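This report goes through one chain.

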Amino acid sequence: MTSHSYLSELFSLDGRVAVVTGGSSGIGRAIAEALARAGASVVIVARREAELAATVDELVADGCRAAWVSADLSTRDGVRAAAAQAAEVFGEPDILVNSAGINLRPPMGELGEDVWDTTMAVNLEAPYLLGEQFGPGMAERGFGRIIHITSQQAHRAFVQSGAYGVSKGALESLARSQAEAWSSYGVTCNTLVPGFVMTPLNARLSSDPEKVAALAARTMVGRNGLAEDFAGAAVFLAGRASGYITGQSIFVDGGFSVH
Ligand SMILES: NC(=O)c1ccc[n+]([C@@H]2O[C@H](COP(=O)([O-])OP(=O)(O)OC[C@H]3O[C@@H](n4cnc5c(N)ncnc54)[C@H](OP(=O)(O)O)[C@@H]3O)[C@@H](O)[C@H]2O)c1
């Protein structure tokens, strides 16, 4: 067996269908690209059409199979519509990546119910509803991969964690509940845990060179995260090689969390 066919057996996503929420920006975009380049047909879901179309155009120009669905995941109807439309493109997904997320940062004492509700809807409820939509089908077909993008704030308070940290903590619990429900049917459910990653989500913090340097110094690798740092971990969790890994939180943070 050549090394290429061995690696293919472990990691190739040929023939798989993936849905990646938040696939038009930052970490989600890098993961969508990685899954597509590893062979999956990928549907990305977010609100803004221009960013969605630009991402898909780039992937298709690269020889990948990709499509987009515009939907607002902050409402239950929006999630249901997104799920239905996404499954129409290449069929029911084998891989679901929940990367769409928002971080509104009012301190706890100033947190309004609107911020709480929106944060929970996008960061927690949409991943739950999409899991309910696609998980049972994956279990029936005997293969599935659910990957949530959480945050170090699922584990510790950091820069006004407010409602955001709560939503991410619950998302890690959701992964464990889903893993418990479906792992025996071949469906693994895990989370990737970023540290500080330079994406549009962090535009304000990323534009302060002193803060950026201080955060980089808190890692072991010596730099802040880049969206591309998630490519390998996502392909691994989406493929056959990770079949015995489930219910886990895998930190992709340059050692931030253990320093
Ligand atoms: N960057 C970091 O340092 C960091 C750290 C820890 C965790 N994370 C997590 O990693 C994930 C990705 O973050 P990122 O840094 O890549 O952020 P990003 O670049 O801001 O991307 C967020 C994505 O989510 C989509 N989105 C937001 N609200 C949505 C809604 N209501 N409906 C549908 N799509 C929506 C956005 O597209 P539209 O705006 O067009 O809808 C965009 O595609 C998030 O879950 C975030 O919490 C990031």
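Isoleucine 147 touches Val97, Asn190, Leu192, Ala234, Leu237 and Ala238, leaving out residues up to four places away in sequence. Contact here means C-beta atoms, placed from the backbone, within 7 Å. The model is predicted: local features need pLDDT of at least 70, side-chain atom pairs count only at pLDDT 80 or more, and totals for chains, interfaces and linings use all residues. Residues are numbered from 1 along each chain as its sequence is written.

Isoleucine 147 lies in strand E5 (residues 144-149). Helices (H or I, at least four residues) and strands (E, at least two) are DSSP runs, numbered from the N terminus. Isoleucine 147 counts as buried because it has 28 C-beta neighbours inside 10 Å. Serine 12 has 18 such neighbours inside 10 Å, so it counts as partly exposed. The cut-offs are 20 or more other C-beta atoms within 10 Å for buried, 12 or fewer for exposed, and partly exposed in between. Serine 12 sits in the loop between helix H1 (3-11) and E1. Beyond four places in sequence, serine 12 contacts Ala38, Gly39 and Gly239.

Two pairs link separate parts of the chain.

| Pair | Sequence separation | C-alpha to C-alpha distance |
|---|---|---|
| Isoleucine 147 and asparagine 190 | 43 residues | 5.1 Å |
| Serine 12 and alanine 238 | 226 residues | 9.2 Å |

Next, strand E1 (residues 17-21). Five of its five residues are buried. Val17, Val19 and Thr21 cover one side, and Ala18 and Val20 the other. E1 pairs with strand E2 (residues 41-46) in the parallel sense, over five bridges. Pairing requires at least two DSSP bridges between the strands. Threonine 21 has valine 45 of E2 as its bridge partner.

The largest nonpolar core has 66 residues. Such a core is a set of buried Ala, Val, Leu, Ile, Met, Phe, Trp, Tyr and Cys residues joined through C-beta atoms within 7 Å. Ala18, Ile31, Leu35, Val42, Ile44 and Ala234 touch the most other members. Isoleucine 44 contacts, among others beyond four places in sequence, Val20, Ala32, Leu52 and Trp68.

Around the ligand stand 28 residues, of which Gly22, Gly26, Arg47, Gly101 and Thr199 come nearest. A residue is near if its C-beta atom, placed from the backbone, lies within 6 Å. Helix H2 (residues 26-37) gives the largest share of this shell, three residues.

Note on methods
Contact = placed C-beta atoms within 7 Å.
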